[in-house]
Amino acid sequence: MKRMLIWVLLLVLAFSLVGCGVKKKVQEEIGEKIAETLIEKAVGDMDTKVDIEGDTVKITDSSGGEVILGGTEWPDVPDLPEFKAGKILSLAKDGEGNISVILEEVEEKDYKSYVDSIRNDFTENVVQAESEDYLLFEGKNGRGYHVAVQYFRGDKTLSIIGSNENQ
């Protein structure tokens, strides 16, 4: 009888937790763990670690290199100042300073201001292009960091691609 009472109490507790949203949280965590395991197996390196937290996926290999996909925070890249306007739509970054950031809701004046702010540092191999729909600035600084900043007038999106040629 005592054992039956314990089971009934456990069932009541389980159902009450489900009503509190715990079920959803448990399902999300299980989904994240399954996705992490699948990515780790797909990479084929037993020492690769995958961490999924919200909209961010962080993949770390056995040598400490990492790739971060997703997120809405500007990445910490010493050679590239933060673009403060707009809203980050997608982000990819590795541990060597290579990044790809796509932003939306960016005004053309913000693109031009950003290019003006980096133009004095990125003076090598400079390429600039402009059309009715598109603006582009590319350059490399003296430390071997290459940047391409592209603005699309039609949908007010901006992409910034940075690569560290010294790595």
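**Notes on the core and its aromatic pairs**

1. Leaving out residues up to four places away in sequence, L158 touches F83, V101, I102, L103, V106, Y111, V149, Q150 and Y151. Please keep in mind that this is a predicted model.

2. S159 counts as buried because its relative accessibility is 10%, below the 20% limit. Apart from neighbours within four places in sequence, S159 is in contact with V101, I102, A148, V149 and Q150.

3. Now to the rings: the whole structure holds three aromatic pairs. One of them joins F83 and Y114 edge-to-face, at 5.2 Å centre to centre and with 75° between the planes. F83 sits in the loop between β3 (66–70) and β4, and Y114 in helix α3, so this pair ties together parts 31 residues apart in sequence. Both F83 and Y114 are buried.

4. Y111 and Y151 form a stacked aromatic pair, 5.9 Å centre to centre with 25° between the planes. Because Y111 belongs to helix α3 and Y151 to strand β8, the pair links parts that are 40 residues apart in sequence. Y111 is buried, with a relative accessible area of 5%, and Y151 counts as buried at 2% relative accessibility. Y111 and Y151 are also among the residues that L158 touches.

Definitions and conventions. Residues are numbered from 1 along each chain as its sequence is written. This is a predicted model: local features need pLDDT of at least 70, side-chain atom pairs count only at pLDDT 80 or more; totals for chains, interfaces and linings use all residues. Side-chain values use heavy atoms; hydrogens and water are left out. Contact means heavy atoms within 4.5 Å. Buried means under 20% relative accessible area, exposed over 50%, partly exposed in between (1.4 Å probe, protein chains only). Rings of Phe, Tyr and Trp (its six-membered ring) pair if their centres lie within 6.5 Å; planes under 30 degrees apart count as stacked, over 60 as edge-to-face and the rest as tilted. Helices (H or I, at least four residues) and strands (E, at least two) are DSSP runs, numbered from the N terminus.
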